[in-house]
Amino acid sequence: MARMLSRDLPDIENILALNPRVKTHALLRSTAASKEEKKHWKRNSDRSCSSCEKLENNFDDIKHTTLSERGALREAMRCLKCADAPCQKSCPTNLDIKSFITSISNKNYYGAAKTIFSDNPLGLTCGMVCPTSDLCVGGCNLYASEEGPINIGGLQHFATEVFSAMGVPQMRNPALPSPDQMHKSFHTKIALIGCGPASISCASFLGRLGYDDITVFEKQKFIGGLSTSEIPQFRLPYNVVQFEIELMKDLGIKVVCEKKLSSDGMTLNSLKENGYEVVFIGIGLPEPNRHKIFEGLTMEEGFYTSKDFLPLVAKASKPGMCSCHSELPVLHGTVIVLGAGDTAFDCATSALRCGARRVFVVFRKGFTNIRAVPEEMELAREEKCEFLPFLSPREVIVKAGRIVSMEFCRTEQSKDGDWIEDEDQIVRLKADYIITAFGSVLSDPKVREAMTPIKFNRWGLPELDPETMQTSEPWVFAGGDIAGLANTTVESVNDGKQASWFIHKYIQSKHGFAVDSHPQLPLFYSPIDLVDISVEMAGLKFPNPFGLASAPPTTSTAMIRRAFQEGWAFALTKTFSLDKDLVTNVSPRIVRGTTSGHIFGPAQGSFLNIELISEKTAAYWCQSVTELKADFPNNILISSIMCSYNKADWTELSKMAEASGADALELNLSCPHGMGERGMGLACGQDPELVRNICRWVRQAVKIPFFAKLTPNVTNIVDIAMAAHEGMKQLCSNWLWRCRGERW
């Protein structure tokens with residue numbers, strides 16, 4: 001039978017059959033067949049534990065917040081850039097969140113990283129482990145929207161990780177004198193005890209301030225403190241900690257390992273005897289809070305505290321942390337983790353990676369009282385950890401030298417809100433291992449003795465001022481866990497940041513100098529900031545190629561001032577005229593440009609305006625130009641002027657503008673809307689002869705560069721350009737016309 005020409009070949013028809021078609025009947029397929037078919041196409045993990053992904057020895061990144069470049073750009077586009085951003089109010093280190101998100105949306109990844117590291121020297125660590133749902137993300141104004149809040153942690157992680165891959169070092173503030181020219185107060189010997197987040201932050205800011213004799217002492221062979229030893233590799237890789245410590249070392253800060261605070265070793269008094277005038281204590285809380293029912297239990301019997309277990313996991317799973325080549329703790333069977341904080345959930349997910357078959361997270365209170373952030377709990381739930389609330393540990397059962405089970409009693413909350421244990425409700429769980437995560441304490445008498453002569457509070461921690469981080473001894477400061485204020489890494493970082501300023505203030509006061517009452521910590525700098533991006537044109541040197549071009553962004557000179565303060569290099573004033581030609585903008589129209597959107601920027605790529613020239617007088621603009629040039633001598637200010645075809649007017653106005661201190665002039669010969677009817681703008685710019693004469697008049701009147709802004713509303717723009725060039729024979733600039741984004 002001959003093939004039908006009106007049908008494609010069978011293989012083509014089969015492919016096209018996958019396309020949507022107009023349905024002629026309902027489809028029928030059995031439930032059994034659907035379940036079987038689903039297995040071939042399912043992308044997420046199956047709910048059945050029998051098909052769980054094997055986690056043993058798998059320390060790959062598991063964070064939900066991690067973003068690719070594409071994901072980061074799309075997420076940054078969603079940010080509202082709130083005027084009084086609540087996310088920034090919720091950040092312990094006061095990150096300028098909307099600024100770094102704007103930089104990401106503009107693909108200025110270094111700018112984003114610089115903003116982050118300026119306020120938080122551990123910006124990459126915090127981007128990975130910050131409990132953002134309880135901090136910045138919890139304050140996001142998009143929280144109640146369908147799309148949800150901005151993934152701020154993921155954006156911070158992305159920007160700082162991109163910078164880390166650049167391999168660019170940190171450097172001192174370029175504005176500081178060289179070290180040998182600094183006052184002797186900046187050569188003060190400063191010691192920081194413990195190389196954790198608080199000390200790294202404090203040392204970094206002190207280094208940025210210009211202090212050059214800073215030493216960090218660490219009791220372990222590795223550096224990073226809790227970030228290294230207790231946060232698992234799949235949440236915080238060791239190379240991240242190394243990167244941030246290297247940034248600190250770039251400022252000349254020294255790190256000495258295997259030097260611990262102890263009465264039989266290094267003490268506060270011994271440091272003072274060795275010439276250290278200021279000490280910062282950032283040792284964390286080194287001992288586990290151990291319940292009496294666990295006294296005498298050992299790791300050989302199957303018992304670990306979080307302070308035992310997590311460092312063992314870290315040493316075996318974090319490449320480069322130490323040279324000991326440790327093996328992962330070998331677990332099997334059932335593991336019970338006691339506690340409801342972030343550390344407990346880190347222990348639970350780490351236990352799975354050490355071979356545990358089942359992990360139970362057991363806690364005294366209910367789900368609504370869990371101290372861990374939702375992200376931590378959710379990750380543990382996804383990895384099939386089981387949660388058992390309302391249980392309080394009562395007894396550990398050991399047989400033949402091994403833990404075999406644990407007994408709990410049920411807890412209930414009384415009407416007064418107190419938690420009580422009900423001895424009538426007893427639960428016994430079989431277990432092969434028990435890991436406790438009940439928090440940490442400072443209980444080592446040798447450490448406490450080494451901290452003499454500072455005073456301790458009723459919780460056994462140093463007594464200190466929460467604003468200055470200064471202890472009872474003016475020369476000793478503290479921060480992080482040991483200060484009793486910080487519960488997270490980012491709060492420890494802020495403790496160190498806070499202490500650095502008041503250490504600076506203390507040192508300077510000792511040398512008779514008063515420090516500004518308003519803290520002014522230096523920003524993050526790198527060699528990238530020294531790259532010369534200046535542009536020379538028409539004999540003028542523009543510090544950078546970024547500027548504001550007339551209205552609407554330069555409607556007033558206060559707007560220009562703000563732009564210069566923020567780093568813009570040049571500005572053109574809004575076009576002004578002589579007083580006899582003053583206009584009134586009855587109905588200015590400013591609309592969003594067609595380049596707006598996530599491809600070009602954060603939905604603010606350009607503006608189109610249809611309005612007349614400035615309503616302000618020439619005297620206003622000239623006086624303002626004089627003021628701005630006095631305060632910003634290196635910025636380029638171009639006065640945009642407009643007159644009718646009158647030599648006297650062009651001569652008078654151009655001389656006024658030159659006398660005010662303008663670096664150059666723009667001759668506005670283009671505006672069509674409302675100005676052409678007055679014999680100005682477009683009316684002058686369409687005739688080559690008029691353009692030639694106006695340029696000649698201005699050239700005769702002033703010595704500064706100028707350029708003609710030509711109208712595109714002519715058949716042959718080349719004729720107009722040539723006329724302008726002939727009128728400006730001595731002009732160095734080839735900048736004969738520019739595009740201002742106006743709708744014609």
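**Close-up views of a predicted model**

**View 1. Three strands, β10-β11-β12 in order, form an open sheet with antiparallel pairing.** The structure shown is a predicted model. Two strands lie at the edges of the sheet: β10, spanning 391-399, and β12, spanning 419-430. Each of these edge strands pairs on one side only. From one strand to the next, the twist averages 25 degrees.

**View 2. Strand β10 pairs with strand β11 in the antiparallel sense.** Strand β11 covers residues 402-413. Eight bridges join β10 and β11. Which residue of β11 stands opposite I397? It is S405.

**View 3. Helices α13 and α14 cross at roughly 50 degrees.** Helix α13 runs over residues 306-317, and helix α14 over residues 342-353. Their axes come within 10 Å. Angles under 35 degrees would count as roughly parallel, and 65 to 115 as roughly perpendicular. The α13 and α14 pair is therefore oblique. The crossing of α13 and α14 is left-handed.

**View 4. Side by side, the residues where α13 meets α14.** Helix α13 contributes S306, F309, L310 and V313. Helix α14 contributes T343, D346, C347, S350 and A351.

Methods: Residues numbered from 1 in each chain as written. Predicted model: local features only at pLDDT ≥ 70, side-chain atom pairs only at ≥ 80, totals over all residues. Heavy atoms only, no water. Pairing = 2+ DSSP bridges. Helix = DSSP H or I, 4+ residues; strand = E, 2+ residues; numbered from the N terminus. Axes fitted to C-alpha atoms, helices over the stretch in contact; angles between N-to-C directions. Parallel < 35°, antiparallel > 145°, perpendicular 65-115°, else oblique. Left-handed = near helix turned anticlockwise from the far one by under 90°. Contact = heavy atoms within 4.5 Å.
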